[in-house]
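Keep the viewer open and follow along as we go.

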Amino acid sequence: MAHAHTHDAAHDHHDDHGPAKGIGRWLFATNHKDIGTMYMLFSLLMFFIGGAMALVIRAELFQPGMQLVDPMFFNQMTTMHALIMIFGAVMPAFVGLANWMIPLQVGAPDMALPRMNNFSFWILPFAFTMLLGTLFVPGGGPAGGWTMYPPLSQQLGDGFPMLIFAVHLMGASSIMGAINVIVTIMNMRAPGMSLLKMPIFVWTWLITAYLLIAVMPVLAGAVTMLLTDHYFGTTFFEAAGGGDPVMFQHIFWFFGHPEVYIMILPAFGIVSEIIPTFSRKPLFGYDAMVYATASIAFLSFIVWAHHMFTVGMPLAGQMFFMLATMLIAVPTGVKVFNWTATMFKGSISFEPPMLFAISFLFLFTIGGFSGLMLAIVPADFQYHDTYFVVAHFHYVLVPGAVFSLMAAAYYWLPKWTGHMYNMKLAKAHFWLSTIFVNVLFFPQHFLGLAGMPRRIPDYSTQFADWNMISSIGAFGFGLSQLLFAYIVFACIRGGEKATDKVWDSGRPHGLEWTLSSPPPYHSFETAPEVK
Amino acid sequence: MNARADLPPPRPTPDAKPGARPGERVLELMPHRSLTPKTARIFIASVAAPTVVVALMFTAQGFWPVLPFAGLEIGLLTWAVRASMRSGLERETITVTQDSVIIRHWDRRGVQSSVFPRHWSRVTLHAPPAALHPSRLVLESRGRACEVGRFLTEDERRSLAVRLKQLVGNMNETPAL
């Protein structure tokens, strides 16, 4: 029953509104900009931790023979590098971008559930402290690969339950983030903003959130079954008890392949925002881009077994998964064509966001093509578990997902901070990153085709030269990222004042560009008018 | 009695309307929500369907632990949509009469009312205390303050501030209604 009361106290309701001071501002943050900032800074930290692990790997592989670390620690580094980069760096960075940009782009005052937003962020430091903590317990950290295949993963020591709990926490954080995003987009759009008027970045996140919600329970269930097999006597994946370890691979990759698209669809959205701005043309084929994104998301559910052709499956199964995988090239090709067509006859300028977007376009396409090679069953039998696979997914995830994140940072950083960053340094960062990422990963194609297996700390001397070059590229790429961190923090601290539009272009035209730089919390300087 | 029976009828935009009584102005404020109860149900079903199908598929193969996680997730989604819809029911009315300004705020906890003497009140739009933080629209009088329009976007709050200043006037002013 409703109740009403009248009061005339010295302080009326809602007069204490405002951020907490000091650390409290961040601990109890509920506004989307503070939380988005925390997500992105956290992901930057994880990017450097995961990157340091990658450098341990590449330092060991600089020469054949065992040089620096023992094989067990090497395997821990490969596993932890993947888990940290996927769940700690790339995904939180995209969630951070969603937090910052989606309310601005749809004209909402904040995310739909601000307190849940706070909770979903603050789970992450605990999850990753626990995950990193496995390195210091008896038995060490997880060393059986990020895919956690049983029975190998079951041999982990005291770190095993910590790993499982950390994965659960990461999943819970992702799910809460996805639910917040999806509810914000569906329920808090400005009047007049129909679905097909939403910015492409919002669209890609909407579809990503659908994917996350659909597949995260599968991951949670899979790791829970690992746990019960280990401690509670179940035999879901233990052949001795009638279970099937191969089924774990099916379950894992049913989650894992959509997970790949969870990491790349928002990247598509970012690039679709940036290319029109710096080509000074509208995005070519907006509707086709939306449908292509949805098609890729749908197809991601029916291609999982291409990760495991070599486990043995019926010929019909191999054919189905091969053809379904190749089918993904069609909507992806639509996207690449549309980005290229957007640039065609455009008045292009090459500011850092556009440089990264163009680099994404070229290098992600290389990753896509090597993916098509891997989709071919007989070829995959040769490439499987070689460095060719490592080269393929790193081309998709580094110059793909990570470059898109850097492009996004350079694109929106002036809007967030109110300052322009140092363009010369940013361009230097771009060229160093683009050159070294190719020095790092392109030779891995040759290594893989020559038969070098992945996840090994030592190798035959025939692989020495390309490994040395790859390691030089790794250190060059890693050190270049220190420049990125410097540019970002220098921009936060000060710099030339950014204009509201930021970029000297007829575009950009999203709602976020109608705000001052930086946009005040909950704010629109001019009424959000959706055209 | 329905807990929401005290809510004023929804209106599309916060704007002044002629009061029920002569010489009164009433501003009604409400947050915007894109979904209706019906489309919210369709939306939840559209998200739940693929999740449930996937979970049932694995359950049928004997991997039932996927199912409770899917259930938890759909439960959380349903709660999230309901919470978002419920917060959209928040309402504020600012009634400006010849003598007073009455602020009523409806939310799920009920109704809160504050009455200010119009002649001795002023409307202030406080600047954000930090670069990324909100402006606050506050009605002040004799050491008392009441914030209004927290759930509005900045443009809505600014236009509300302009309108309220016209209606309430400054301290020691009583503009004609």
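Predicted model: local features only at pLDDT ≥ 70, side-chain atom pairs only at ≥ 80, totals over all residues.

**Chain B at a glance**

Let's begin with the overall layout. Chain B has 3 helices and 8 strands, and reading from the N terminus the order is β-β-α-α-β-β-β-β-β-β-α. Of its 177 residues, 37% count as buried. Among the contacts in chain B with a separation of 6 or more, 48% are between residues 24 or more positions apart.

The chain is split into two domains: domain 1 takes in 16-31 + 91-168, while domain 2 covers 37-87. Taken over C-alpha atoms, the centres of domain 1 of chain B and domain 2 of chain B are 40 Å apart.

Residues 40-58 of chain B carry the annotation "transmembrane region" in an unreviewed UniProt entry. In the model, this span is 100% helix and 0% strand, and 28 Å separate its end C-alpha atoms.

**An open sheet of three strands**

Now turn to the sheet of chain B, where 3 strands line up as β6-β7-β8 with antiparallel pairing. The edges belong to β6 (122-126) and β8 (144-148) of chain B; each has a single partner strand, so one side of each is left without a neighbour in the sheet. On average, neighbouring strands of this sheet are turned by 30° against each other, direction ignored.

The two pairings can be set side by side:

| Strand pair | Bridges | Direction |
|---|---|---|
| β6(B) and β7(B) | 5 bridges | antiparallel |
| β7(B) and β8(B) | 5 bridges | antiparallel |

His126(B) has Arg136(B) in β7(B) as its bridge partner, and Val138(B) is partnered by Glu147(B) in β8(B). Helix α3 (residues 154-168) of chain B packs on the sheet, where α3 touches β6 and β7 of chain B. The direction of this helix makes about 160° with that of β6(B).

How many residues of β7(B) are buried? The count is 5 of its 6 residues, so to speak a mostly covered strand. In the hairpin of β7(B) and β8(B), 2 residues lie between the strands, and Arg142(B) takes a positive phi near 50°.

As general background, nonpolar side chains in soluble globular proteins tend to be buried together. Here the largest nonpolar core has 190 residues, and those with the most contacts inside it include Val90(A), Ile213(A), Ala222(A) and Ala407(A). Helix α6 (residues 200-231) of chain A supplies the largest share of this core, 23 residues. Leaving out residues up to four places away in sequence, Ala222(A) touches Phe248(A), Ile251(A), Phe252(A) and Phe255(A).

A second, separate core has 21 residues, among them Val96(B), Ala145(B), Cys146(B) and Phe151(B).

**A glycine in chain A**

Our last stop is Gly51(A), which sits in helix α2 (residues 32-60) of chain A. Is Gly51(A) buried, exposed or partly exposed? Gly51(A) is partly exposed because 19 other C-beta atoms lie within 10 Å, whereas a buried residue would need 20 or more.

Apart from neighbours within four places in sequence, Gly51(A) is in contact with Gly478(A) and Gln481(A). Gly256(A) is 205 residues away from Gly51(A) along the chain, and 22 Å separate their C-alpha atoms.

Note on methods. Residues numbered from 1 in each chain as written. Chains lettered and ligands numbered in written order. Domains from an automatic or database assignment. Pairing = 2+ DSSP bridges. Helix = DSSP H or I, 4+ residues; strand = E, 2+ residues; numbered from the N terminus. Axes fitted to C-alpha atoms, helices over the stretch in contact; angles between N-to-C directions. Contact = placed C-beta atoms within 7 Å. UniProt positions renumbered as here; feature names shortened; annotations may be inferred. Core = buried A, V, L, I, M, F, W, Y, C linked by C-beta atoms within 7 Å. Buried ≥ 20, exposed ≤ 12 C-beta atoms within 10 Å, placed from the backbone.
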